[in-house]
Amino acid sequence: MKTVGILGGGQLGLLLCHSLSRLGAKVVIYDPDPSAPARKVAWKNFQAPWTDLGALSEFAALCDVITYEFENVEISGLKKLDCKAPIYPSLDVLATTQDRILEKQFLLDNDLPVAAFVPITSYEQLAKSEDGITFPCILKTATGGYDGKGQFVFERHADLAAFINDRPLNPLRAVVEEKLPLHMELSCIVARNYNDDERIFPVAQNTHNAQILDTTLMPADISPTLAATVKDIALTAAEKMNLVGLLTCEFFVTQEADQFGNSVEVDGYHVFVNEFAPRPHNSGHITMNATSASQYDLLARILLDVPLIEPRLLAPGYFCLANLLGDVWLAQGTDKGTDLDLSALKFHADIVDVVIYGKETARSGRKMGHVVSYGATADSAVQSVRNVRNELARPSRAGAAQ
C-alpha cells in the first residue's frame, strides 16, 4: 500500500482522497489551514506554514509520492527538501504554471496560441511601456492570482496612469495582456503518466460570474473540429512540459483575431490558451458524473502507478455543473457549512448529483459545493442547474418554520 502526500487540503484534495482510498492508498495532507476539508478523510495531517522545512521534511518522509491540489504552494521550501518521494507534476512544471510571466513565455517558446502581452517588473517599466500597450487591457499579477484576484482592467490610458500613480502593488511583477472580446471559455484536462501514456477528457465549456467559475458544460457545445483543435493544443502543452500528472488547459475563444495574430483559427473562431493548472480543476468536478473515470481517478492511477483508462462520456446528452458559493448559505440565513437546506432538490429529478465540500464557514464568493444536472440538450442542462441553485438560494424552510 502506497502513501500519497497532498499539498493542500481543500475540496480538490478531499475528492482526490476518495479516489486514492478506493485504490488502497493512505493519504497524508499538508495544509496551514486547521479546518481544511480533506483533513477529515486523511490518514495523517500536518498543519504548518508552506515554508516550515522541518514540518515539510517530516511530511515528505511518510510519503511514497507527493502531489499538490493548487498551484500557489510556495515552492521555496519544496526545493530545499531532501526528499526521496517524487513530486508530480514536477517542481519545474509548478514553477512555470504558478508564474504568469514564465507561463506566457512558455506558450511563445512552444508556438502555442497566446494573447498579446507585455511582462512588467516595475512601475517605471510599465510607464515606459504605456505607448506600446493597446487598450482595453488587463494587468494580472505574475503570482498568487485566482478567481479574478490580482487583476486590474484598464479601459483607457487614464486608467493605467492612475494605477501607476497609486502604486497599489508593491513590488510590481505582472503581465499586461490584451483584453480579448470573448465568445466562450473552454477547458480541457490531460492526464499523463511517467511512461508517456496519456489520456484526455472531453472538452468542457465554462461560464464565469464575477471571475469565479459559475457553470461547466460537458461536452462543450462546439463543433468536433474545434474540440479536436483544443485537445491537440492541450496535449502538445502537456508533452512540451514533460508532464506527469494532470494539466488543465483553459482557453479563450473569440470571433475576432487578436492584434498580433497569435491565435489558432478554426471554424471561424480564434483560440488562445489563457492559463494552465497542473492539478485537478474545479471545472473537472463534472467528470465525476459525465465520464467513466474522473480527473481524480486518473490522477490517483498516475500517482499509484496503475494503468490509465479512457475517460468516456457516459451518456449522449449534456452534463452541467453549477458552483454553490457561500452566498447560497448566506441567503438561507446561515454561515455554517453543514447547515444547507437541500429540500428543494426533490422537485428537480434532472439533478443527478450534489456535493458539499465540508468547509466549516460559508462566505460570499467561497466555493462550498456544486450541483450537476443531465439534459438532452445543452440549454436544458444549463437551465436545470441554474433553476435549482436559485431555489436553494432562498430562506431555509427549516429556518422559516422556527
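**View 1. Asn 242 sits in the loop between helix 8 (224–240) and strand 13 (245–254).** Helices (H or I, at least four residues) and strands (E, at least two) are DSSP runs numbered from the N terminus. This is a predicted model, where local features need pLDDT of at least 70, side-chain atom pairs count only at pLDDT 80 or more, and totals for chains, interfaces and linings use all residues. Residues are numbered from 1 along each chain as its sequence is written, and side-chain values use heavy atoms, with hydrogens and water left out. Asn 242 has a positive phi, near 55°, without being a glycine. With a relative accessible area of 58%, Asn 242 is exposed (buried means under 20%, exposed over 50%, partly exposed in between, for a 1.4 Å probe and protein chains only).

**View 2. Gln 211 lies in the loop between strand 11 (204–209) and strand 12 (212–218).** Here is another non-glycine residue with a positive phi, about 70°. Gln 211 is partly exposed, at a relative accessible area of 40%.

**View 3. Asn 323 belongs to strand 16 (residues 318–325).** Asn 323 is buried, with a relative accessible area of 2%. Its side chain reaches the backbone oxygen of Leu 213 at 2.8 Å. Beyond its neighbours within four places in sequence, Asn 323 is in contact with residues including Asp 214, Tyr 357 and Arg 389 (contact means heavy atoms within 4.5 Å).

**View 4. Helix 1 (residues 11–22) meets helix 10 (residues 295–303).** Their axes come within 8 Å and cross at roughly 60° (axes are lines fitted to C-alpha atoms, for helices over the stretch in contact, and angles run from 0 to 180 degrees between N-to-C directions). Helix 1 is therefore oblique to helix 10 (under 35 degrees counts as roughly parallel, over 145 as roughly antiparallel, 65 to 115 as roughly perpendicular, and the rest as oblique).

**View 5. Asp 99 caps the N-terminal end of helix 5.** A side-chain oxygen of Asp 99 lies 2.9 Å from the backbone nitrogen of Ile 101. Within helix 5 (residues 100–109), the buried residues include Arg 100, Ile 101 and Phe 106. Just past this helix, Asp 111 adopts a positive phi of about 55°.

**View 6. A cis peptide bond joins Tyr 88 and Pro 89.** Omega is about -15° for this bond, and Pro 89 lies in the loop between helix 3 (75–79) and helix 4 (91–97).

How values were computed. Polar contact = N/O pair within 3.5 Å; in protein donor to acceptor, adjacent residues only side chain to side chain.
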